[in-house]
Amino acid sequence: MKEAIQGDAPLRERLIALHRLREQRKAANRRPRRQRLTAADREKILKKTRAKCHICGGEIRGSWNADHVIAHSVGGESSADNYLPAHGLCNNYRWDYLPEEFQLILKLGVWTRTQIEKGTVIGRSIEDQFLKYEAERIGRQKNAKPTDGA
């Protein structure tokens, strides 16, 4: 089982270590604020995937995020060639995780879904906690003040 998760540390400690490493990489690559994309750039980016989110594959309607292919935090350029379209929710959850960190998150998510589908004790507990979290998250969105760009 240890070969499935790199390193000798328990999962919690490995995830914390990966998070710290990601934060260190971001701090080392701090750069000036990104430039805004032009309307023509955004159209070019959206056409790359035929108006599909590059993360989930769902159709993009309305607002969307231009997501860096190579993250800005690790030196990725802010040019149309380094962007793909993504739903805001997909982009916000993907963040700029390290590859190993993101793979662990995907594995955890699939395993968790299986536990919920099977109705295991841990699955029911996770389901209850997740539904509470989602209700709070959605409530925060509804109560958020609109920004100038909204």
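Helices (DSSP runs of H or I, at least four residues) and strands (runs of E, at least two) are numbered from the N terminus. The structure described here is a predicted model, in which local features need pLDDT of at least 70 and side-chain atom pairs count only at pLDDT 80 or more, while totals for chains, interfaces and linings use all residues. Residues are numbered from 1 along each chain as its sequence is written, and side-chain values use heavy atoms, with hydrogens and water left out.

The protein chain contains 5 helices and 2 strands, and its elements follow the order α-α-β-β-α-α-α from the N terminus on. Of the 150 residues in the protein chain, 21% are buried, where buried means under 20% relative accessible area, exposed over 50% and partly exposed in between, with a 1.4 Å probe and protein chains only. When contacts (heavy atoms within 4.5 Å) between residues at least 6 apart in sequence are considered, 61% of them join residues at least 24 apart.

Helix α4, which spans residues 99-118 and has 20 residues, reaches 29 Å from its first C-alpha to its last, close to the 28 Å expected at 1.5 Å a residue; the expected span is 1.5 Å times one less than the number of residues. Within α4, the residues E100, E101, L104, T112 and Q115 are buried. These residues lie on the same side of α4 because they cover an arc of only 100° around the axis, the arc being that of the directions from the helix axis to the C-beta atoms. On the other side of α4, P99 and E117 are exposed, and just after the helix G119 takes a positive phi of about 70°.

The second largest pocket holds about 580 Å³ of space. Among the 16 residues that line this pocket, Y93, Y97, I105, G109 and F130 are the closest to its centre. On a 1 Å grid over the protein atoms alone, a pocket is an open set of points where a 1.4 Å probe fits, with protein on both sides within 12 Å along at least five of seven lines, and lining residues have an atom within 4 Å of a point. Helices α3 (88-94), α4 and α5 (121-143) each supply at least two residues of the lining, and α4 gives the most, with 7 residues. The lining divides into 11 nonpolar, 3 polar and 2 charged residues, where Ala, Val, Leu, Ile, Met, Phe, Trp, Tyr, Cys and Pro count as nonpolar, Asp, Glu, Lys and Arg as charged, and the others, Gly among them, as polar.

Residue Y133 is placed in helix α5 and counts as partly exposed, because its relative accessibility is 35%.

Note on methods: Points joined across faces, edges and corners; volume = space filled by probe spheres on them.
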